Amino acid sequence: MPGGAIFARASQPRTPVSFDVPPNACDCHTHIFGDPARFPLWPGRTYTPEMALPEEMAALHRALHIDRVVIVTPSIYGTDNSTTVYGIKARGVQARGVAVIDEKTPENDLDVLDRAGIRGIRLNLATAGQTDRRAGRLQFRTAMHRIRKRGWHIQIYASLEVVAGIKDLIQDSPVPVVFDHFGGAQAALGLAQPGFAELVELIWSRKAYVKISGAYRASTRAPDYADVAPLARALIAANADRILWGTDWPHPNAAKPSGSRPTDLTPLLQIDDGRLLNQLAVWAPEPAIRNKILVANPAELYGF
């Protein structure tokens, strides 16, 4: 990383950014993995990552010329959002967060989270391998009723099958909806893959946002993930006002090696986020479109 520190655990950019990043650009998808002695992990987690601390995230964003950040509670903490709040406090007014809650989370806790900078809740169906449309519909309805009066949004990490299965609910949703990581699309399956047309329609009709984040989750063609470009361009062309960008730093690896246990330490993926950010200029060559994706859309959704 030119001009910065190298960290042993969480990746840092190796490639300089090749375009002018606009002021107040936002990385809309990150996580903090705190010291487990201070932030205990959820016993029901599916993987155990290395630590990734706010200081490392700050170094990442200095290298990328990114000013703002959205920190998302990862699945390893269940409904404990302490590390996300910790990360927001470390970053100050330039940070917002997305929490994980359940039916047992009291309203008073939601009030506290709101004051801390939380602006949405996440339904993580993909990490748990949830593909049941009925379960997805139930979780969406429950989440919608919990937050509709708070001005928050629902963020969903799911397969395209689930996206298609809850499309009608999203079309009628009184709260904004955000899909993680290309909406679960897989680059190898192309633009005609089942569910992608429904995702594009939701973006086109302004019923949802999608994060063109974590390209390595949609493709195996590292380091530039060229086969992701048609997906990104199709989503941007559908409605640039509903596109967000994020690193997915520190790149947790939820795929456990054969024979390993959820409690075994899984190294973080070493992704070059400078090279990843440079792909945005390939997907969206026009500076005005990149300004929407990096600045205007996050400012509107997260209330910067």
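Gln193 sits in the loop between strand 7 and helix 7 (196-204); helices (H or I, at least four residues) and strands (E, at least two) are DSSP runs, numbered from the N terminus. This is a predicted model, where local features need pLDDT of at least 70, side-chain atom pairs count only at pLDDT 80 or more, and totals for chains, interfaces and linings use all residues. Residues are numbered from 1 along each chain as its sequence is written, and side-chain values use heavy atoms, with hydrogens and water left out.

Gln193 counts as buried, at 6% relative accessibility (buried means under 20% relative accessible area, exposed over 50%, partly exposed in between, with a 1.4 Å probe and protein chains only). Leaving aside residues up to four places away in sequence, Gln193 touches Leu160, Ala185, Gln186 and Leu231, a contact being heavy atoms within 4.5 Å. A polar atom of the Gln193 side chain lies 2.8 Å from the backbone oxygen of Gln186.

Strand 4 (residues 95-99) and strand 5 (residues 118-124) run parallel and are joined by three bridges, and Ala99 has Ile121 as its bridge partner in strand 5.

Tyr209 belongs to strand 8 (residues 209-213) and is buried, with a relative accessible area of 6%. Its contacts, not counting residues up to four places away in sequence, include Phe179, Asp241, Arg242 and Leu301.

What about the rings? A search of the whole structure finds three aromatic pairs. Rings of Phe, Tyr and Trp (its six-membered ring) pair if their centres lie within 6.5 Å; planes under 30 degrees apart count as stacked, over 60 as edge-to-face and the rest as tilted. Phe39 and Tyr86 have ring centres 5.0 Å apart and planes at 35 degrees, so this pair is tilted. Phe39 is in the loop between strand 1 and strand 2 (48-49), Tyr86 in helix 2 (residues 82-91), 47 residues apart.

Two arginines lie over ring faces; a charge sits over a ring if NZ of Lys or CZ of Arg is within 6 Å of the ring centre and within 35 degrees of the ring normal.

| Arginine | Ring | Distance from ring centre |
|---|---|---|
| Arg38 | Tyr86 | 4.6 Å |
| Arg290 | Phe19 | 4.7 Å |

Note on methods: Two strands pair if DSSP finds at least two bridges between them. A polar contact is a pair of N or O atoms within 3.5 Å; within protein, one must be able to donate a hydrogen and the other to accept it, and residues adjacent in sequence count only if both atoms are side-chain atoms.
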